[in-house]
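Dear colleague,

Please find below the structure that I am handing over to you. My notes on its side-chain contacts follow.

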Amino acid sequence: MLGSKRQGVAVWLTSLKFARQLRRFGNVHYVSKKMKYVVFYCDQEKVDETIKKLKAFPFVRDVKPSMRPFIETEFQNAKPDKAKEYDYKMGI
């Protein structure tokens, strides 16, 4: 469990009283009281089967997995901001 990759899953609920039941699927990270959704993390290998299980519950409106593990975070050809570069040369 220590070296396993994790992926976030957002679950929209009909009522927040069911949010505690989601703890058995992974680590609950955030619960939005206003918009009635829960963000939790689970093993990346188990995301598909977890989503299938969650969609079967009557209190679940929608389930969306996070796309963050699949997005490139190394940016290339990033041009530095000219204003900041000028400030650094000035010694401010």
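Does D43 count as buried or exposed? At 12% relative accessibility, D43 is buried; buried means under 20% relative accessible area, exposed over 50%, and partly exposed in between (1.4 Å probe, protein chains only).

Please note that this is a predicted model, in which local features need pLDDT of at least 70 and side-chain atom pairs count only at pLDDT 80 or more, while totals for chains, interfaces and linings use all residues. Residues are numbered from 1 along each chain as its sequence is written, and side-chain values use heavy atoms, with hydrogens and water left out.

D43 joins K46 in a salt bridge (4.0 Å, N to O). The term stands for a side-chain nitrogen of Lys or Arg within 4 Å of a carboxyl oxygen of Asp or Glu. One salt bridge was found in a search of the whole structure.

There are also five aromatic pairs. Rings of Phe, Tyr and Trp (its six-membered ring) pair if their centres lie within 6.5 Å; planes under 30 degrees apart count as stacked, over 60 as edge-to-face and the rest as tilted. One of the pairs, F25 with F57, is edge-to-face, with 6.1 Å between centres and 70° between planes. The rings of F57 and F59 are stacked, because their centres are 5.1 Å apart and their planes are at 20°. F25 is buried at 16% relative accessible area, and F59 is buried at 8%. Together, F18, F25, F57 and F59 make up one aromatic cluster.

Yours sincerely
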